[in-house]
Protein chains: 6
Amino acid sequence: MKLLVANANTTEAITELCAAAARGAAAAGTEIIPATPRFGPAVISTRAENIIAGHALLELLAEHAGRVDGVLLAVSHDTALEAARQMLPCPVVGMTEAACFAACLIGGRFGLMTFGSTETYRERIAQYGLASRLAGLASVAATPQEAVRDPDGVARKLRAGLGALVAQGADAVVLGGAALAGMAPKLQPDSLVPLLDGMACGVGLLEMLVRLQLPKPQGGSYAAAQGREVGGVAPALAALLRGG
Amino acid sequence: MKLLVANANTTEAITELCAAAARGAAAAGTEIIPATPRFGPAVISTRAENIIAGHALLELLAEHAGRVDGVLLAVSHDTALEAARQMLPCPVVGMTEAACFAACLIGGRFGLMTFGSTETYRERIAQYGLASRLAGLASVAATPQEAVRDPDGVARKLRAGLGALVAQGADAVVLGGAALAGMAPKLQPDSLVPLLDGMACGVGLLEMLVRLQLPKPQGGSYAAAQGREVGGVAPALAALLRGG
Amino acid sequence: MKLLVANANTTEAITELCAAAARGAAAAGTEIIPATPRFGPAVISTRAENIIAGHALLELLAEHAGRVDGVLLAVSHDTALEAARQMLPCPVVGMTEAACFAACLIGGRFGLMTFGSTETYRERIAQYGLASRLAGLASVAATPQEAVRDPDGVARKLRAGLGALVAQGADAVVLGGAALAGMAPKLQPDSLVPLLDGMACGVGLLEMLVRLQLPKPQGGSYAAAQGREVGGVAPALAALLRGG
Amino acid sequence: MKLLVANANTTEAITELCAAAARGAAAAGTEIIPATPRFGPAVISTRAENIIAGHALLELLAEHAGRVDGVLLAVSHDTALEAARQMLPCPVVGMTEAACFAACLIGGRFGLMTFGSTETYRERIAQYGLASRLAGLASVAATPQEAVRDPDGVARKLRAGLGALVAQGADAVVLGGAALAGMAPKLQPDSLVPLLDGMACGVGLLEMLVRLQLPKPQGGSYAAAQGREVGGVAPALAALLRGG
Amino acid sequence: MKLLVANANTTEAITELCAAAARGAAAAGTEIIPATPRFGPAVISTRAENIIAGHALLELLAEHAGRVDGVLLAVSHDTALEAARQMLPCPVVGMTEAACFAACLIGGRFGLMTFGSTETYRERIAQYGLASRLAGLASVAATPQEAVRDPDGVARKLRAGLGALVAQGADAVVLGGAALAGMAPKLQPDSLVPLLDGMACGVGLLEMLVRLQLPKPQGGSYAAAQGREVGGVAPALAALLRGG
Amino acid sequence: MKLLVANANTTEAITELCAAAARGAAAAGTEIIPATPRFGPAVISTRAENIIAGHALLELLAEHAGRVDGVLLAVSHDTALEAARQMLPCPVVGMTEAACFAACLIGGRFGLMTFGSTETYRERIAQYGLASRLAGLASVAATPQEAVRDPDGVARKLRAGLGALVAQGADAVVLGGAALAGMAPKLQPDSLVPLLDGMACGVGLLEMLVRLQLPKPQGGSYAAAQGREVGGVAPALAALLRGG
């Protein structure tokens, strides 16, 4: 099966990092197709960038619609996840969503570590309905760029936060941040509880969903768009929303 | 004070309808400035359109940033509300957000009536933290276009749903839908409980926030963007996110 | 419009402090009418005092019913708020309620600082349905009386708590305590996030509600009392509940 | 032990009905002392009456403070419960609170049947933290006065609502309304699930609490009032709040 | 009345400790019958032991079914509580459940102290619907065995944790652990808030329930088993589930 | 990889039905090993049977511990799921848990259809933290035995309930009941939204978890049992809990 690993920011290095993590986790026969948007933020850090990146991502996805079997969002904010899920004919999973749901399958409550502000992750997890399964959030004093440039240094900083999350009751810890893709194995030996990589979890969940061969909803709030008129956007995106 | 009434779809008739409702509710001395995005959906109906409209809206807002005292989103999905709030130096309020919070000030639980699927409204209200104050949601079998074209016919359909919401415990009912802006007075005589118009509520809330002269947060998750690099977007938007 | 600023304790100095804060925030043309109950606690500190003060407040409000356009409760416990809201023909807002809802319009989660025990504020915020938007509560080691007597000393104590609330994720901080009315500007320069004054917020919300000219509910749980027989209370209060 | 059965409205017939139900449920050696307030509503139906009744009740309780071993509120709104609990040196239980907690001990979710609006009961149950254990609320088209005057007629009306609550998942049903005290045995034969009488449950819970001989809290938000100055209230009430 | 005090682990010393605490709290005329399972864990510490103990407990209860008036589970995990409640013709209460519900009757939020991991208690309390009334959980570095062997030493360790729970807002503290049965009086002098013993609370709640003489549910999810075929279990248990 | 499909009741026909559904969903190279407990209920219908079945299941799992790569519980109550997860060195997933989490990946809220009482499913879903994502529960008037004997007749009954769940907002529907394993394809053509089979979902989730090669937690509440003494149980189970 063909899985699109779609970044929502324009930093190709992050796309490559995520695609590599996805390939490492994919089953034999699963092809990973990396993709990076044409426009938008270099790195998503504010809410506005996340919206712009959402448009860029939808444009990117529309180009691939019908040519891939599933989409994994390689962006830790799970940018435009619900929109992509409704719009596309194939399954879509977000990398943080994937890791959070996987965490629920191996313990009681989980923690999440990320860069910078934790509030948007708290909000995302609440939107997933998992607030009662969140033991805590920890922020590491580093940037996504630093994680790509100096993974060992960032790993050292992450280790310090793991103990605090376990003490708060975390039975597993999600590494939240596309720039941390593939870092779980480095950190795992120092952690009492399993560490979850969004790309690895996401590939597994997508493979499951693709194999389930579920039909696209014909009703409810995730039924595909039909006859929508959207102007000034890329032709593929406009066409997909117009349907027919 | 100058308040921008910003639609997130490209239908000027909706912008005008909302601006008229806003003007009708504004204090003397409040100037209402209507604005419509350059691109995006004619009417927002799916989640993908809402994301695209979010980008279009942020572009529109960036052009007005620093030149208005507050922004009222004239779109019932409160599209990109949190993003606009963090990005802009002035207060931003969403029309449905406004009506829901106003409803909380006049009774216990409230209901919401809208066109089509109610699920995205349920999700929005949960994001506002108000799930426990929602008595019910009702959908009216009409379209936003129909409300503009045949307001009396749509008003008849809306009346039928009001009683059901009161029976579910609603002490007030929010009219959810930009195309319903200004319709509350028509329906009010037939309702046991107050009906809330998002534009009227939003203007009032914005006037309050503007007069409070609160500083822009310097910390927390709503601090303004600084030094963000966003490519391929309108210059005003890129400049605002770059800051400085 | 005429707004009653109604204290629920018998300390006139607090009433005056609150009325001054309300006047400072009111629109041109808004008249602020201060009022203090005839009986009850000097300062509300326990739950029993809050109930007694509620009766005293309702008596006070009944005297003004029909002669004011709105009521702002100048008591941080929002004493008897729901009762007053149902009983009166005009809008009623509580000062802490006002600040909490305003806080929701400018950020994600908010904090609250007050004197003494924070538990009753936690309960109030949960009753408003806003538990998920509360980042934390902080208590300052001072008394309301001290705030009136030595505002600068109390301001110093409050500053220390602000940082802790921001660290817990607060995007705004509510100053909870009628004796803190008007203190926000003093503290604002030392705070990374906006500080919210209940009186200023409450005046703005009331002005919005009054201008909306919403009808009194004829059904639901906030419909006005009719034909209620209440003995041994002030004639105006008995008459208002008897209705007709 | 001496248990005060304290009505919060001034209708002696209700007090007697409740006291009789309490006596029927009390252990040998438990003395039931009925008490009715000096002032306030004949029957509590609106939120304002509930606040006034709260003051009247606290006055009544202050007269008995130190002379009874426990207090059972014979009012289905559990009027001023938390205030009485903090103020008095002995345990205090509300009749609806008692029935709701008892219901939790015999099944999963429970229902509640009452007269008139169910919203204030929904709010009360949420305040008790039991929202997730509430299967549904049902309203019977009768008045408390009618229940005293024509218990058989009201029993017929109540039967009709029981099935609906069981269908909603109720494993037990609380009869909410002081005027329904003692009615459970009449209705029980027609109900698939146990019916709970607040007075019977409340007497049992109080007997437990009294026998536990727990100390009055010296800290936290339920520590007794000390040195509070409250003017214009009954001397016993003022003295109790002044303490010492 | 006859109350079975049923341990779910096989340590007789714990059964005796709990039975003694129950006897100390029981009304005159209440007979306490201790019982210990035939098989299962010596002490329950993991989730698997809790399930096995649940089976052992149900077997034990089936032997006593119809010969006791109520059952108090003398195991702090409230092992198989809901199963026992549905299966037996008489009321069943868990010791931690009892203490938590009692705590709700004397204050706002409560804390819980126990040995080892607090997560399973957090989960239990959430299942009871009381998550919003939980102020905090504290773990004491000791084992149940140590509490039986060296109660004074364990009491010293417990004291240290009490202050932290009060600081988190606890108005009462539940001692969670069958091995702590009877220890509350020792610790009470050092605590600002009441300490709750599950056995004492449970006896009181059971006495209330037994005296209420509620019928066994004939419908809903707690109706007794009828005609169930269960193989390979003790004859009394198989017979009880077969019914008839 | 070897996946154990473990029934928790003793009806081999159900085990076979579930194993067949699992095989149909498994990746090439995944071996499905069916297993049925030695003792316990023929079909689980009451809470007591669920506990007994839990013990029987743990005994069964202990025999296979270390010889399989993952365990899928072929019982719709997800019997003893958390206990098995903590006890075993390999991943464990419940069939209803699997379908509910999968449902969250394809839409907003989901519904669940099952036989008999829906309350225990509601409780299970709340334990998973997914209460806010549950749109509704529907019960079909049939028995598990009937589903095995007359799948077409039961399918007809199930169809009727699907529309109601979609009307309540379900974007997907979980078929809850081991006896419904494999029935989704039959019903799918009649459903507007995707239908989820717990066995198919569970196999996919397990394959993901096994491939993630997560370590067993060394801390937190899911760390494996060590040195536990459990008497009177099967030797393999006792040995596994003793560890070492």
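How much area do chain D and chain C bury between them, and what share of it is on carbon and sulfur atoms? The two chains bury about 2700 Å², 65% of it on carbon and sulfur atoms. Buried area here is the accessible area (1.4 Å probe) that two parts lose on being put together, summed over both.

1. Basis of the note. This is a predicted model, in which local features need pLDDT of at least 70 and side-chain atom pairs count only at pLDDT 80 or more, while totals for chains, interfaces and linings use all residues. Residues are numbered from 1 along each chain as its sequence is written, chains are lettered from A and ligands numbered from 1 in the order in which they are written, and side-chain values use heavy atoms, with hydrogens and water left out.

2. Chains D and C: extent. In this interface, 35 residues of chain D are in contact with 35 residues of chain C; contact means heavy atoms within 4.5 Å. On the chain D side, D:Arg47, D:Ile51 and D:Arg228 lose the most area to chain C, together 23% of what that side buries.

3. D:Arg228 forms a salt bridge with C:Glu49, at 2.9 Å from N to O. The side of chain D that touches chain C draws its largest share, 8 residues, from α2(D). Helices (H or I, at least four residues) and strands (E, at least two) are DSSP runs, numbered from the N terminus.

4. Chains D and C: strand pairing. Strand β3 (residues 40–41) of chain C and β10(D) run antiparallel and are joined by 2 bridges. Two strands pair if DSSP finds at least two bridges between them. Within this pairing, C:Gly40 stands opposite D:Gly231.

5. Chains B and C: extent. Here 43 residues from chain B and 43 residues from chain C take part in the contact. The buried area is about 3400 Å², with 67% of it on carbon and sulfur atoms. In chain B, the residues that lose the most area to chain C are B:Leu105, B:Met208 and B:Arg211, together 19% of what that side buries.

6. Chains B and C: make-up. The count of salt bridges between chain B and chain C is 2. B:Arg211 forms a salt bridge with C:Glu207, and the closest N and O atoms are 2.3 Å apart. Helix α9(B) gives the largest share of the side of chain B that touches chain C, 9 residues.

7. Helix α4(B). This helix is largely enclosed by the rest of the structure, because 10 of its 10 residues are buried. Buried means under 20% relative accessible area, exposed over 50%, and partly exposed in between (1.4 Å probe, protein chains only). Among the buried residues are B:Met95, B:Glu97 and B:Phe101.

8. Strand β8 of chain A. This strand (residues 170–176) is mostly covered, with 7 of its 7 residues buried. Strand β6 (residues 109–115) of chain A runs parallel to β8(A), with 6 bridges between them; A:Met113 has A:Leu175 as its bridge partner. Strand β9 (residues 195–197) of chain A also runs parallel to β8(A), joined by 3 bridges, and A:Val174 is paired with A:Leu196.

9. Chains without contact. Chain A and chain D are not in contact, and their closest C-alpha atoms lie 14 Å apart. Chain C and chain F do not touch either, with nearest C-alpha atoms 14 Å apart.

Methods. A salt bridge is a side-chain nitrogen of Lys or Arg within 4 Å of a carboxyl oxygen of Asp or Glu.
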